[in-house]
Amino acid sequence: MSHQAIHVMVGILTDPTGRVLIAKRPEQVHQGGRWEFPGGKLKPTETPEQGLARELAEELGIEVRSSRPLIRVTHSYEDRRVCLDVRCVLAYTGVATGREGQPLAWQYPEELDPAVFPAADRPIMTALRLPPYLLITGDDPARPDAFLNRLTRALHNGVQLVQLRAHDLDDESYRRLAGGAYAVCKAHGARLVLNRDPARVADVARHGLHLTAARLALTRVRPGGAGDWVSASCHTVADLSRAAELGLDYAVLSPVQRTASHPLTSPLGWQGFAAWIEPVSLPVYALGGLTAADLSIAYAHGAQGIAAIRSLWPRD
Ligand SMILES: Nc1nc2c([nH]c(=O)n2[C@@H]2O[C@H](COP(=O)(O)OP(=O)(O)OP(=O)(O)O)[C@@H](O)[C@H]2O)c(=O)[nH]1
């Protein structure tokens with residue numbers, strides 16, 4: 001088998017209700033009969049944007065006007081290795097139709113069934129379900145009422161994913177706070193991920209678990225159950241590889257910029273961030289000195305979105 005990955009451009013079209021476009025691959029081709037996100041092989045003379053535009057014109061009869069990176073996934077099948085270069089189509093003209101006779105369907109990301117897609121597509125489906133902002137909770141965990149109040153305000157501001165980080169609390173206080181935070185998140189349709197030793201929160205209601213970089217290094221098997229989203233803090237290329245090997249759902253890479261809390265740690269910068277995540281087939285949030293306004297630059301460098309404590313945690 002050739003080790004050179006085939007560069008494949010893949011486009012995500014979204015309708016106004018948030019459904020994404022999928023197409024059925026013909027029976028006789030590679031991964032035939034499975035559903036896919038539209039796209040195809042990049043030609044050697046094309047830029048990624050040109051390749052995406054050509055494939056979507058050929059397959060769907062649309063003209064792509066603009067797109068942004070979503071994720072890159074490298075996957076080895078028995079007979080070939082592919083690098084799926086996935087972009088969200090932000091603007092296009094025309095009406096998508098199956099120009100090659102392929103059935104099309106629009107589905108909400110939560111409804112996509114990984115079993116009917118090629119194996120390489122799993123991280124794409126995760127990326128489609130994850131929101132742009134990840135709030136890592138800030139101060140006040142010792143005053144649960146004030147804490148939950150701030151959390152509620154953050155959710156009103158549009159946050160949909162929350163990591164409960166409160167390392168100063170003892171286990172019992174953490175579990176109590178998690179109970180309150182879960183209720184608030186659930187009521188707002190947001191997800192709560194617990195940053196605590198998984199063994200100590202095994203019976204606590206949640207949507208997922210988060211591993212510190214130190215715990216990631218000690219973890220041999222993906223923790224949690226089938227319904228958990230599992231993430232990890234990463235500060236090195238080795239951390240990112242480990243998160244991917246363990247089959248985690250996403251990573252949080254820091255620091256991208258210098259932060260007040262770690263003024264002496266040298267930041268990665270956006271170029272460094274992009275270079276580190278490029279070979280990793282995982283959605284990766286950028287963390288460290290960032291605000292919601294950095295989302296476009298984060299997207300341009302391949303991030304899933306922005307993670308932040310200070311800038312997403314409401315002040316009094
Ligand atoms: N378009 C697309 N290809 C995918 C996805 N997932 C995935 O593993 N692939 C793989 O990426 C490769 C894409 O090749 P393709 O057959 O679609 O390429 P193409 O349109 O240029 O076709 P051609 O080679 O017949 O000209 C295949 O090996 C396919 O199995 C996906 O979601 N969308």
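The dialogue below discusses a helix and then the domains.

Modeller: This is a predicted model, in which local features need pLDDT of at least 70, side-chain atom pairs count only at pLDDT 80 or more, and totals for chains, interfaces and linings use all residues. Residues are numbered from 1 along each chain as its sequence is written.

Colleague: Which residues of helix 4 are buried?

Modeller: An α-helix has 3.6 residues a turn, so residues three or four places apart point the same way. Helices here are DSSP runs of H or I with at least four residues, and strands are runs of E with at least two, numbered from the N terminus. A residue is buried if 20 or more other C-beta atoms, placed from the backbone, lie within 10 Å of its own, exposed if 12 or fewer, and partly exposed in between. In helix 4 (residues 171–187), the buried residues are Tyr174, Leu177, Ala178, Ala181, Tyr182 and Cys185. These residues lie on the same side of helix 4, because they cover an arc of only 145° around the axis, taken from the directions from the helix axis to the C-beta atoms. On the other side, Glu172 and Ala187 are exposed.

Colleague: What covers the buried residues of helix 4?

Modeller: The cover includes helix 3 (144–156), strand 9 (161–164) and strand 10 (191–195), with contact meaning C-beta atoms, placed from the backbone, within 7 Å.

Colleague: Where do the domains lie in the chain?

Modeller: The domain assignment, automatic or from a database, gives domain 1 (6–121) and domain 2 (133–308). Their C-alpha centres lie 29 Å apart, and 7 residues of domain 1 are in contact with 7 residues of domain 2.

Technical notes
The expected span of a helix is 1.5 Å times one less than its number of residues. Two residues are in contact if their C-beta atoms, placed from the backbone, lie within 7 Å.
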